[in-house]
Each structure stands twice: as structure tokens, then as C-alpha cells.
Amino acid sequence: MTGPDRVVRRPRRRGSLAPWAFLAPGLTLFALFRLYPLLEGLVLSFTNARLGRPAYRFTGLDNYARLLDDTRFLTSLFNTAYYTVASTLPILALPLLLAVALNRPMRLRAVLRGAFFFPFTLSVVTVGLTWLWLLDPIVGPFNYYVRHLGIPVRSWLADPGAAMWAIIATSVWWVTGYYLVIYLAGLQDIPAQLYEAAALDGAGPWRRFWSITLPLLRPVLLFVFVIHIIGSFQIFGQVFVLTQGGPGDATRTVVQHLYETAFTSYYHFGSASAMTWVLCLVILAFSAVQFRLFRGSPEY
């Protein structure tokens, strides 16, 4: 049809709704179980909400200001930061060294990779109970061998100076295999020709590691670093099983203090929500710093 009565038909966009249809179930679950609790927690952090209180009122920044006077919260924040800093080097370096070693042709390479990854398949409760037995001052194998070496034994989890390091050792043993696999994937993505060219130029293994491996693993290092920092600030399971935050408050972490504030004896949901958002802001700040330090992409 021509003239003024002509109908102009626009081409139909076939399949434009199909991607959203596939994403809809996941987005719905994310909104219900992630986004809504996050926003609800933000609202609660500005109220005096408490278990058994049917109505609560808006209190502004009182919960956040009260945290500055909460000595146990400040102690738990310090302990969490201490754990994060102290565990960073072993958790990042040990899997990397193992990955470099297992990336070379060798006997039982697949078996060793599986053996190192196996602890990560265990739940945090299983890991905690295992190390609770290993570090037992009476029947634990660790003290048994230490005693035979002539080193004074101690109750590792009851010693304020050793308890946090015992938790760090537990975490290193647990997550080493996970980061090992990630590092291996990054190492196998580095072109072998670079190592061959460096070897022809006379570069030794240590020089090749510093000049080729580390620079080209920058994106992997960033991923591991960020994931480690986020996980460290949220540590709870190991502490809950091994020490319950003791001895005293030597190993009390932010998430444990938050848990006790909200669900054990206090039931102050407003204060616990404020702690959650403070922890969230701390993690965001550390993550932003890491992205800035590791910005840039490797060049082959």
C-alpha cells in the first residue's frame, strides 16, 4: 500500500526478551536473598530494633556512634585486621610456590594437585574439628612431635599469643589448594615461548620468575588478593569451632561479635546491622586500594 494510508512496519527484534527470561530466576533469587536483606539491614542499622520488640523507632546514627565506645567491637576489629595482615603473605605465597613447582612435568603431578586441593573440599566445621584434635594439648599429634623434638609444648588454643596463629595455620591449610588451582590456571595461560626466549638470553629460574611469571600473573594475583581480603574480614567458622573467640577476646573477630550481638544474648539487631555496614565499608575500602595498586593489564 502506498500513499498516506501506508503502514510502516518496524522490524521485530527477535529474541530480545530471551536473555532476560533466562536471567529472571537468578535475578529474582538474588533480589530476594541478597539485595532485600542488604537494604533491610541498612534500614535496621538506623533503628533500635531488637528481638521481641514489635515496633522500633528511628535513632539516626546512634548505633554507629555507639560502636566507637564498644571496646569489644574495637578489639574484634583489631583482631580481624591482624588476622588479615598476618595471613596474607603465607596464603598468597605458599600456593604460588606450589603452583610453580607443580606446573612442571613431574611424577605424580596430578595426585599431588588433588592432595593439595582435598582440604578445600571439607566444610569449615570439619576443618575446625580436625585442627582442634591436632592441636589438643594432651592427645594431639602436634604436641606429641614437638615434645619429641625437645621443644616445650603448650596449649596452643588457650595461649593468647599462639591462638590467632593457630587459626591462621588452619586457614592456610584449608585454602591453599583452592588458590593453587587458580594460580595453575594463570601459569598455564603464560606462553611457553617467553620462558624459552629468556632461557636463551641466559636468565635463570629466579630471574624468569620475577621478570615473566609475576608480571603476567597480575590479574590472577589481584583476584586472589581481593578474595582473600574479603574472606579474611568475614572469618567466623574457624574461630567459632576452635576458640569461641578466646582466650579472653584474643581471637574474637567482627563477624563473631556481630553474631553474638544479634543472635545469642543481646539480640540488638540494629547494632548488629550497623556493625555489618561498617565491615562492608572496610572491605570496600581495602578492595578499592587493591584494585588501584594492581591496576593495569599484562602485556605479552
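This briefing describes the fold, the overall dimensions, the surface and one residue of the structure shown above. The model is a predicted one, and the protein in it contains 13 helices and zero strands. Its radius of gyration is 26 Å, whereas a compact globule of 300 residues would have a value near 19 Å.

**Fold and contacts**
- Read from the N terminus on, the elements of the protein follow the order α-α-α-α-α-α-α-α-α-α-α-α-α, in keeping with the count of 13 helices and zero strands.

**Dimensions and burial**
- Taken along the principal axes, the box filled by the C-alpha atoms of the protein is roughly 105 × 70 × 30 Å.
- Of the 300 residues of the protein, 35% count as buried.

**Surface and charge**
- The protein has an accessible surface of about 18700 Å², and carbon and sulfur atoms account for 68% of that area.
- The side chains of the protein include 24 positive and 13 negative ones, with the centres of these two sets lying 9 Å apart.

**Ala169**
- Ala169 lies in helix H7, which spans residues 163-188.
- Ala169 counts as partly exposed because its relative accessible area is 31%, a value that falls between the 20% limit for buried and the 50% limit for exposed residues.
- Although Ala169 and Gly128 are separated by 41 residues in sequence, the distance between them in space is 11 Å, C-alpha to C-alpha.

How values were computed: Residues numbered from 1 in each chain as written. Predicted model: local features only at pLDDT ≥ 70, side-chain atom pairs only at ≥ 80, totals over all residues. Heavy atoms only, no water. Helix = DSSP H or I, 4+ residues; strand = E, 2+ residues; numbered from the N terminus. Buried < 20%, exposed > 50% of the residue type's maximum accessible area, 1.4 Å probe, protein only. Rg over C-alpha atoms; globule rule 2.2 N^0.38 Å. Areas by Shrake-Rupley, 256 points an atom, 1.4 Å probe, with all protein chains shown as cover. Lys, Arg positive; Asp, Glu negative; His and termini not counted. Charge placed at Lys NZ, Arg CZ, Asp CG, Glu CD.
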